[in-house]
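Please open the structure in your viewer and keep the selection panel at hand. The tour begins with one chain and then turns to the pair.

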Number of protein chains: 2
Amino acid sequence: MRVLGIDPGSNFLGLGCVEAQGSSFVWIGQRLLKVNPGGEQPLHVRLKLIHEGLLDALSAWSPDAVAVEEVFLAKNPQSALKLGQARGAALVGAAASGLEIFEYPASLVKQTVTGSGRAEKAQVQTMVKAILGRTLPPAMEFEREDISDALAIAICHLQHRRQRQILAPKAAKKLGPRAGL
Amino acid sequence: MRVLGIDPGSNFLGLGCVEAQGSSFVWIGQRLLKVNPGGEQPLHVRLKLIHEGLLDALSAWSPDAVAVEEVFLAKNPQSALKLGQARGAALVGAAASGLEIFEYPASLVKQTVTGSGRAEKAQVQTMVKAILGRTLPPAMEFEREDISDALAIAICHLQHRRQRQILAPKAAKKLGPRAGL
C-alpha cells in the first residue's frame with residue numbers, strides 16, 4: 001500500500017509518498033511544487049503547473065491512494081479561497097486518475113506521528129525523519145515544512161488504515177474517507 | 001472568438017458558452033454541474049464529476065478562452081475554501097487544455113451586461129436573455145442563476161476584448177488577464 005500525502009498551501013504544495021511494508025514505513029519520494037513561482041504568473045499558468053506537477057508525481061510513484069489534510073480554519077476568506085483553489089487543482093488530478101482521496105484533521109495527523117495533536121511543525125518534522133529512518137536517502141533534508149507535513153499525512157493514512165484492518169479486516173474495504181475517525 | 005464562462009459555486013457550477021460573430025453575441029451552449037449531488041459524495045467523486053463535466057463541455061464547444069468571476073468576498077473562510085476548491089478543480093481542466101483564463105470582478109460583469117455594477121441577479125438574467133436574443137433555443141430557460149451568470153461572464157470577456165481591440169489593435173494580443181480593467 002503506497003500513499004501520496006498532499007499538503008496544499010497558498011505558496012507551496014508539498015508532496016510526500018510513503019509505502020507500508022510489513023510493520024515499517026518506507027520513504028518513496030518527495031517534491032515541492034511552487035504554486036506561484038515568480039509571484040506574478042497568470043492563473044492558468046499556476047494551475048497548469050500544479051496539474052502537471054501532480055500528474056508527474058502520480059506517474060513517478062504510482063500511489064494506491066491520496067491523503068490530504070482536512071482544512072477547518074483559515075485566517076481569512078481570501079486566503080481560504082486561494083488555499084481551496086490550489087487544493088482543488090491538485091486533488092482533481094488524483095481524482096481523475098481514479099484514486100480515492102482520504103481527509104484527516106490536522107490534529108489527528110500530528111497526534112499520529114508525534115503523539116500530540118498540538119505538536120509544533122518542527123516536532124512533526126523530527127518524528128517523520130525518525131519514522132522513515134534509514135529509508136530516507138542519505139543527508140535528506142526537507143526543504144520546507146510543506147514536505148514533512150505531506151509525508152506525515154501519508155503516514156497518518158497508512159497508520160489508521162492498518163488499525164482499521166486489525167480491528168475489522170472484513171469491514172475495512174467498505175470504510176470510506178473519514179470513517180472511524 | 002468563443003468564450004466559456006464559468007460560475008463556480010459551492011453547490012452548483014454554471015457553464016455558459018458564447019461566441020462573438022461580428023457585432024452580435026451568439027449562444028453556443030449552457031450546462032449546470034451539480035458539485036455535490038446527493039449531498040454526501042466523497043471528495044474524489046465530487047472532484048471527478050467537476051473535472052469530467054468540464055472536459056466534456058470543452059470538447060463539445062471548443063472555446064478559445066475561459067472567463068471566470070474574480071472572487072473578492074466570501075461569507076466565511078469555510079465557504080471560501082469550498083468555493084476555491086470547486087473553482088480550482090474546474091479551472092485546472094481548462095488550464096491543462098492550454099486555454100487562457102481571464103478573471104473579471106463581479107461588479108464589472110454586472111455593469112457590462114446591465115449597465116449597473118450593483119444589478120440584481122434577476123436583472124443580469126433578463127439582460128443576458130436580451131443580449132443573446134434569438135440565438136437562444138426556443139423556450140430556453142436558465143435552470144439557475146449560476147447559468148445566466150456564467151453566460152454574463154462570457155459576454156463580459158467578449159465585450160472587453162472587443163473594446164481593447166478597437167482601442168489598441170496591435171497591443172491587444174499582448175494584454176494578459178485583467179489587463180485594461
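Which share of the contacts in chain A with a separation of 6 or more is accounted for by residues 24 or more positions apart? The share is 69%, where two residues are in contact if their C-beta atoms, placed from the backbone, lie within 7 Å.

Before going on, note that this is a predicted model, in which local features need pLDDT of at least 70, side-chain atom pairs count only at pLDDT 80 or more, and totals for chains, interfaces and linings use all residues. Residues are numbered from 1 along each chain as its sequence is written, while chains are lettered from A and ligands numbered from 1 in the order in which they are written.

**First stop: chain A**

Followed from the N terminus, the elements of chain A come in the order β-β-β-α-β-α-β-α-α-α. Of the 181 residues in chain A, 44% are buried (a residue is buried if 20 or more other C-beta atoms lie within 10 Å of its own, with C-beta atoms placed from the backbone).

**Second stop: the sheet**

Now select the strands of chain A. Five strands form an open sheet in the order β3-β2-β1-β4-β5 (chain A), and the pairing is mixed; two strands pair if DSSP finds at least two bridges between them. At the edges are β3 (24–34) and β5 (101–105) of chain A, each of which pairs on one side only. From one strand to the next, the twist averages 25 degrees, taken between N-to-C directions of axes that are lines fitted to C-alpha atoms, on a scale from 0 to 180 degrees.

Next, select residues 2–8 and 65–70 of chain A. These are strands β1 and β4 of chain A, which pair in the parallel sense over four bridges. Which residue in β4(A) stands opposite Leu4(A)? It is Val66(A).

**Third stop: the two copies**

A rotation of 180 degrees with 0.0 Å of shift along its axis superposes chain B on chain A, with an RMSD of 0.0 Å; the superposition is by least squares on the C-alpha atoms of residues with pLDDT of at least 70 in both copies. The two copies are therefore related as by a two-fold rotation axis.

**Last stop: the contact**

Finally, select α2(B), which gives the largest share of the side of chain B that touches chain A, 15 residues. The contact takes 32 residues from chain B and 32 residues from chain A.

Technical notes. Helix = DSSP H or I, 4+ residues; strand = E, 2+ residues; numbered from the N terminus. Buried ≥ 20, exposed ≤ 12 C-beta atoms within 10 Å, placed from the backbone.
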